[in-house]
Amino acid sequence: MSKDRLGEQLSLWEEGPVAKALQARGERKDSFATPSGIPVKRLYTPLDVEAAGQDYVEDLGFPGRFPFTRGKDPLGYRAAPWLFMQYAGFGDAAEANKRYRYLLAQGGAGISIALDLPTQLGLDSDDPLADGEVGRIGVALDSLQDLETVFEGIPLDQPRQISLVANAMSVVGLAMFIALAKKQGVDPDQITLRIQNDILKEFISRGTYIYPPEPSLRLSCDLIEYCANHHPNWLPLTLCGYHLREAGSDAVQEVAFSLADGLAYLDEVARRGANLDAVLPQLSAFMSCNMNFMEEIAKFRVMRRLWARLAKERYGVSDPDKLGLSLVNFTAGSTLTAQQPMNNVVRVAIECLAGVLGGCQSLFPCSYDEAFCTPTEESVKLALRTQQIIAHETGLADTIDPLGGSYFLESLTEQIEAKVRELLAEVESQGGAVKCIDNQWFRRAIDETAYEWQTKVDAGEQVVVGVNAFTEEDDPPIAIFRPPAEAQERQIAKLKALRASRDQAKVDAALEGVAAAAREGVNTVPAITAAVEAYATIGEICGTMGQVFGLYRESGL
Amino acid sequence: MARKHRVLMAKPGLDGHDRGARVVSMGLRDAGYEVIYTGRRVTPAQIVSTAIQEDVDLIGLSILSGAHMTLFGKTLDLLKEQGAGDIPVFGGGIIPPDDAGKLKEMGVKEIFGPGASLPSILTALEKHLPR
């Protein structure tokens, strides 16, 4: 049908049946929009895609090729489904080891290690600030000894991927894996280790920073540089849109702010003279799967496409077909409700679908009980089954980007990219991501969005089933998981025994090496690896760097 | 004109997820309270000394990491020790129902979990304001 003919027919439809129905019944709302404020029309046609200026070859292209809108992999999920991941870890290393063995036996392909907060913040388990937090939301890793226990009976090359949620202390985490691979006698090239290592987002959202932004950025870039030179299979940076989203941002802010952070890392490694052709293929992004289905799918496509476009425009990489960004998608914990918790099973399934239709390389579903506690074994298994059902029963893994070409999806994709570019220009005009962290601009922007969302929910404009609509007096009780209470004591006893048994002179010398590397501005990975191999603790290593870099303290609102 | 009621909002412990604390702070501000937010990662001792120094009417604590029993408990104990046990404390975060019950027995006035609306929080707090 020609464009004119379609336009004509569309007008006839609007003036005829639509006008009549509007008069008779009206619509549910005066206006419709996605949560990030993109207006949603009554109907989308090829005219919308054309109005957005989309050109198939330029803007969509083919999977596995620049600009990767329709997917990173030329075979999509036809060769293999995405990686089924579960975020897990609690208690001490021995407890965590049991849970990882269980998940591998249930068909989980990878291991994602959650660290407790003291470990994430570079504190030993017997630090006074760690009291009550040891082994709570992840496993405590005080030293290499703990990582050895975590992987007892699990050779490092057995899981298809190991991921470590390490940011502020990512360099110590990386060093622990280098040391453990050596001890296990496993070739590091046979391992895929993903380290989160996006410290900038910690200042904007999750809050697990140690040092000020500048030295933090340096440490993150030490990993990127080191892996580019030594471990081509490892993934030394995962840009985190997820945490920005959980902090309250919308989909557009999620993409824009995580890309802004990404450019800050790339600018720094480029400044150091690193070979970006080696660096770029090792980077990936960790994104949220939220509830607004179509906007989420469009968002994933924009993230992939805009990353490739920005990298090409900014750094002039020689082979743009290497700019495909792996997406690690995670369903949104903040959308889970404590009210009627079984409803969360449905939310997680829908969010998983959005993640898959967005073309992720790995997927982490939440467990339905996460509004209460760390998941039970039962709820974790159900989350794993959810993605197995999607992969094997729905047929969605049989063709690439099955929703590609949807007039609505393509229109959204174009509009989101335009809005993200506007936000990125705003960040640039302020001097980049680190400046926007310093002046709290990111945080204020996200606060406003979070507050607006809460106001809409409170007013009933945004329905959340079981919370502000279809509520029940008493929510049925669910099983609550409790990490073993004695984990903290056990961990502290183990740490004290380690300190008493190791070669202290070797530890002291290694820590002096860490301080020297930090002071002198050389890559810190080798010195920290030596300290880890001497069984220096995380508190000692991070504390040593803290004496050089200083500690960061944020102001209030 | 009467002085605005003052609320100290605090994130004790190591957990940095502060969306709830910040959104509630904004809601309280818009409802006419004067809000003092400590920022993340403060100790019970810092919370108590700020509360006394700033002469607050209410204290709000937010934790998602599971360390609520330890840290809420320490805060309540310190308040009593320092003669400020009459300042009402309320809490929020990821807190299992059993723990919420125990915390109330320990003296926390209200616990707000995920999904608590701002109006419901405001209504509950008003009951505990000094007259």
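This is a predicted model: local features need pLDDT of at least 70, side-chain atom pairs count only at pLDDT 80 or more; totals for chains, interfaces and linings use all residues.
Next cysteine, A:Cys289. A:Cys289 has 0% relative accessibility, and counts as buried.

Now to the helices. Which helix holds A:Leu424? That is H16 of chain A, residues 407–429. A:Leu424 is buried, with 7% relative accessible area. What does A:Leu424 touch, once residues up to four places away in sequence are set aside? The list is A:Ala256, A:Leu259, A:Ala260, A:Leu306 and A:Leu310. For a distance reference, take A:Val279. A:Leu424 and A:Val279 are separated by 145 residues in sequence. Their C-alpha atoms are 22 Å apart in space.

Moving on to H18 of chain A. This helix covers residues 441–458, and A:Asp447 is in it. Is A:Asp447 buried or exposed? Buried, because its relative accessibility is 11% and the cut-off is under 20%. The side chain of A:Asp447 has a partner in chain B. That partner is the side chain of B:Arg22, and the two make a polar contact of 2.8 Å.

On to H21, residues 525–533 of chain A, where A:Thr529 lies. A:Thr529 is buried too, with a relative accessible area of 7%. Where does its side chain reach? To the backbone oxygen of A:Val525, at 2.8 Å. A:Val525 is in the range given for H21. Beyond its neighbours within four places in sequence, A:Thr529 is in contact with A:Ala175 and A:Ile178.

Last stop, the surface. Which residues make the nonpolar patch of about 320 Å²? A:Tyr56, A:Val57 and A:Phe62. A:Tyr56 is part of helix H3 in chain A, which runs over residues 56–60. A:Tyr56 counts as partly exposed, because its relative accessibility is 35%.

To recap. A:Asp447 pairs with B:Arg22 through a polar contact.

Note on methods: Residues are numbered from 1 along each chain as its sequence is written. Chains are lettered from A and ligands numbered from 1 in the order in which they are written. Side-chain values use heavy atoms; hydrogens and water are left out. Patches are made of residues with over 30% relative accessible area and no salt bridge: like charges are joined within 9 Å, nonpolar side chains (Val, Leu, Ile, Met, Phe, Trp, Tyr) within 5 Å. Accessible areas come from the Shrake-Rupley method with a 1.4 Å probe; for residues, only the protein chains shown count as cover. A salt bridge is a side-chain nitrogen of Lys or Arg within 4 Å of a carboxyl oxygen of Asp or Glu. Helices (H or I, at least four residues) and strands (E, at least two) are DSSP runs, numbered from the N terminus. Buried means under 20% relative accessible area, exposed over 50%, partly exposed in between (1.4 Å probe, protein chains only). A polar contact is a pair of N or O atoms within 3.5 Å; within protein, one must be able to donate a hydrogen and the other to accept it, and residues adjacent in sequence count only if both atoms are side-chain atoms. Contact means heavy atoms within 4.5 Å.
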